[in-house]
Amino acid sequence: MRTKLSALYETDFNLWIEQTINYLKQRDFSALDLDNLIEEISDMGRNNRREVFSRLKVLLMHLLKWQYQSEKRTNSWINTIDEQREQLELILKDSPSLKPYLGDIFSECYQKAVRAAVNETNLPKPTFPVDCPFTQEQVLDMDYFPDSP
């Protein structure tokens, strides 16, 4: 049976959220649209992991560009590196349980960062090491910038 709240989910998502919060605060669990609530909570976890992956990939790509195209370094690259680090720091502060996930995806992100760096720099793929030349600690360190090879 479709509840009033589940119908609202399809027509006005923001109002659905507000109503869901109100029902939760009132502890009126019988009024909740549990199927959609479960789906939204699951999506939140997936979105956090996707954001960690995306930000780590962009960060690694810019560190590679910094190291292998030192003659083209710009303040924009510094800002991008800083922004990715700051956002990763915030995500990991809010959700410390994602720290092991960062380690799990590090290698895969590096491989995708190499591909992006090749596309952006036009440098041949063999220019970049097969394995990441930076440690996870260096990548997250706000003061770390690699030297030219």
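**Questions on burial, contacts and rings**

Tutor: Thr 11 is located in helix 1. The model is a predicted one, in which local features require pLDDT of at least 70 and side-chain atom pairs count only at pLDDT 80 or more, while totals for chains, interfaces and linings use all residues. Residues are numbered from 1 along each chain as its sequence is written, and side-chain values use heavy atoms, with hydrogens and water left out.

Student: Why is Thr 11 called exposed?

Tutor: Residues are buried under 20% relative accessible area, exposed over 50% and partly exposed in between (1.4 Å probe, protein chains only). Thr 11 has a relative accessible area of 66%, so this residue is exposed.

Student: What makes residues 4–11 a helix, and which of them are buried?

Tutor: Helices are DSSP runs of H or I with at least four residues, strands are runs of E with at least two, and both are numbered from the N terminus. Helix 1 covers residues 4–11, and its buried residues are Leu 5, Ser 6, Leu 8 and Tyr 9.

Student: What do the buried residues of helix 1 pack against?

Tutor: They pack against helix 2 (13–25) and helix 3 (34–68), where contact means heavy atoms within 4.5 Å.

Student: What makes Tyr 9 and Phe 13 an edge-to-face pair?

Tutor: Rings of Phe, Tyr and Trp (its six-membered ring) pair if their centres lie within 6.5 Å; planes under 30 degrees apart are stacked, over 60 edge-to-face, and the rest tilted. The structure holds six aromatic pairs. For Tyr 9 and Phe 13 the centres are 5.6 Å apart and the planes stand at 75°, so the pair is edge-to-face. Tyr 9 and Trp 16 also form an edge-to-face pair, at 4.8 Å centre to centre and 75° between the planes. Tyr 9, Phe 13 and Trp 16 form one aromatic cluster.

Student: Why is Phe 13 called partly exposed, and why is Tyr 9 called buried?

Tutor: Phe 13 has a relative accessible area of 37% and is therefore partly exposed, whereas Tyr 9, at 18%, is buried.

Student: How do you know that Cys 109 is in no disulfide?

Tutor: A disulfide is a pair of cysteine sulfur atoms within 2.5 Å. A search of the whole structure finds zero disulfides. For Cys 109, the nearest cysteine sulfur is that of Cys 132, 10.0 Å away. That distance is too far for a bond. Cys 109 is buried at 0% relative accessibility, while Cys 132 is partly exposed at 23%.

Student: What makes Thr 121 buried, and where is this residue?

Tutor: Thr 121 belongs to helix 5 (residues 99–121), and its relative accessible area of 9% makes Thr 121 buried. Not counting residues up to four places away in sequence, Thr 121 touches Lys 65, Gln 69 and Phe 128.

Student: How do you know that the charged end of Arg 85 sits over the ring of Phe 145?

Tutor: The criterion is that NZ of Lys or CZ of Arg is within 6 Å of the ring centre and within 35 degrees of the ring normal. The charged end of Arg 85 sits over the ring of Phe 145, 5.4 Å from its centre.
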